[in-house]
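Biologist: I would like a close look at one part of this model, and after that a walk through whatever else can be said about the rest. Please keep it plain.

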Amino acid sequence: MASATLRASVSRAWRLIALLALGASATVGRANPALPPPVQQALARAGVPATALAVVVADAAPGGLVHLAHRADVPVNPASVMKLVTTTAALDLLGPAYTWRTGVYTDGPVRDGVLAGSLYLRGDGDPKLVTERLWLLLRRVQGLGIRHVAGDIVLDRSAFALPAHDPGAFDGEPLRPYNAAPDALLIHFRVQVLIFVPDEAAGVARVALEPPLAEVTVPETVPLADGPCHDWRAALQADWSDPRRPRLAGRYPTACGERTWPLAHPEPERLAARAVAGLWAQLGGSVGGRVRDGTVPPGLAPRLLFESVPLAEVVRDVNKFSNNVMAQQLFLTLARANPGPYDGAGNGAAVATFDAARAAVRAWWAARLGPDVAPPAIDNGAGLSRDARITAAALARLLQWAYASPWMPELMASLPLAGVDGTLRRSPMGRGVAHLKTGSLADVQALAGYVHGPQGRRRVLVAIVNHPQARAARPALDALVQWAAALP
């Protein structure tokens, strides 16, 4: 009996230590700072000092035992791991079944297939209004009996109030899809995709553009080339100086097979209008005026509300594939969250700004995690930032809170599964060993999520490297995951 009492006392003592450790960041910083030898060795091989790494490994349940805490109270740049804050807040504030509604309005009667007036499409911030869903939306418009719009097709993007965006400001790569900016009427992530399909009999690769863009003409074919499929994009010798008529002066390697090349549209503010005009024409529709930006006139009621996929599917895309623009759309939606019904006409929702979104997340963080857990400096909600900061201790606390929440299954399932899918599909750390969000910038490597141990035990893991050689430290993070999974 005395032995059992002693064991119970020791267990209670460890739990108290764990609660104190994750309850105050200064305490976390002093809890077992020694890194496992395999992690130290991998860091040494990478030429990265241990002082560049921030780590917490703890049992997943809130208040669980802290197994490792190293520089856990130091604010660091988490890169895309910051998406965990955005997606967790969204699941809690909006719920996994939340949907966005794109409103369709008309200001005239419809007779014999002709709308005697203008057609309005009002964006609600739908993060996944991709080509096939825009096609479905326009088919629904035609279901109203509209084949010809005598006036204009007007795109209302007033639900977001955003500063001017320079897509090349972050890293000088304006055509990279990850640099696309959010938009209340976001069409196909503001990305155009070139599709290459080799036709060996004709000696060419067929080229297609998705979505179809009015005013934009791409080459129909490009000559095939022998040899291996190495840097095939460079081999095409693409010239984007004329956004409406890109040129491909090179060749496409036959060995590449079918490939896609996603690019941010060189004129991002024109993509939505060009995509709507191009797809409307492809569906057999016509317009007497033009496709332009504008706002829905006051007093018009929506003819239909086109619902998005549910938020749980959006969260999965954001975390599995680290989609930056979708994360920013989700972040801005938090500024528009309202418990009342939204009617698609702008009622029941505020205009979204980044400042309002940051305020919404700060308020949510304080309510869920309390004033003792330092809130993140979240910037744009995607982690594509030089200024975003969070401590490993705070992120571990968030993951523990999420593990005990009703949204745990949706959040965990949204994270890449090691060796299986998403950004961890080719991970060497062990198939199925963890569900982890990845983060990567030029000087950041990060992992955060849940590690699956023996007998169904789960731990939260947060590991973030900030160093000019951060990319070389990725094996150290993999070794840390394997160490955490093997803990008894």
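Biologist: Where is the place of Arg71?

Modeller: Arg71 has its place in the loop between β2 (66-70) and α4 (83-94); helices are DSSP runs of H or I with at least four residues, strands are runs of E with at least two, and both are numbered from the N terminus. This is a predicted model, in which local features need pLDDT of at least 70 and side-chain atom pairs pLDDT 80 or more, while totals for chains, interfaces and linings use all residues. Residues are numbered from 1 along each chain as its sequence is written, and side-chain values use heavy atoms, leaving out hydrogens and water.

Arg71 is not a glycine, yet its phi is positive, at about 50°. Most residues other than glycine have a negative phi. With 24% relative accessibility, Arg71 counts as partly exposed (buried is under 20%, exposed is over 50%, and partly exposed is in between, with a 1.4 Å probe and protein chains only).

Asp112 sits in the loop between β4 (110-111) and β5 (114-115). At a relative accessible area of 83%, Asp112 is exposed.

One peptide bond also needs a note. Most peptide bonds are trans. The bond from Glu210 to Pro211 is cis, with omega near -5°, and Pro211 belongs to the loop between β10 (204-210) and β11 (221-225).

Turning to the whole chain, it is divided into domain 1 (37-97 + 310-486) and domain 2 (101-309), with bounds from an automatic or database domain assignment. The C-alpha centres of domain 1 and domain 2 lie 31 Å apart. Domain 1 gives 27 residues to the contact and domain 2 gives 28 residues, where contact means heavy atoms within 4.5 Å.

Gln329 is found in helix α9, whose residues are 324-333. Gln329 counts as buried because its relative accessibility is 0%. Its side chain reaches the backbone oxygen of Gly125 at 2.9 Å and the backbone nitrogen of Asp183 at 2.7 Å. Leaving aside residues up to four places away in sequence, Gln329 touches Gly125, Asp126, Pro127, Phe160, Pro182, Asp183 and Leu186.

Now the pockets (open sets of points on a 1 Å grid over the protein atoms alone, where a 1.4 Å probe fits and protein lies on both sides within 12 Å along at least five of seven lines; lining residues have an atom within 4 Å of a point). The largest pocket holds about 1200 Å³ of space, a volume being the space filled by probe spheres set on points that are joined across faces, edges and corners. It has 38 lining residues, and those closest to its centre are Arg176, Pro177, Tyr178, Ser322 and Asn324. At least two lining residues each come from β9 (191-199), β15 (259-264), α9 and β19 (434-441). The largest share, four residues, is that of β19. Domain 1 and domain 2 both give residues to this lining, so the largest pocket lies between them.

The second largest pocket holds about 650 Å³. Its lining has 29 residues, and Pro163, His165, Ala181, Pro182 and Phe354 lie nearest its centre. α7 (268-282) and α10 (354-369) each supply at least two residues of that lining. The second largest pocket, too, lies between domain 1 and domain 2, because both give residues to its lining. Pro182, one of the residues nearest its centre, is also among those touched by Gln329.

Arg459 has its place in strand β21 (residues 458-466) and counts as buried at 3% relative accessibility. The side chains of Arg459 and Asp59 are joined by a polar contact of 3.5 Å. A polar atom of the Arg459 side chain also lies 3.1 Å from the backbone oxygen of Pro488. Gly453, in the loop between β20 (444-452) and β21, is buried at 18% relative accessibility. Gly453 touches Arg459 and Ala485, not counting residues up to four places away in sequence. From Gly453 to Gln482 there are 29 residues in sequence but 9.4 Å in space, C-alpha to C-alpha.

Note on methods: Polar contact = N/O pair within 3.5 Å; in protein donor to acceptor, adjacent residues only side chain to side chain.
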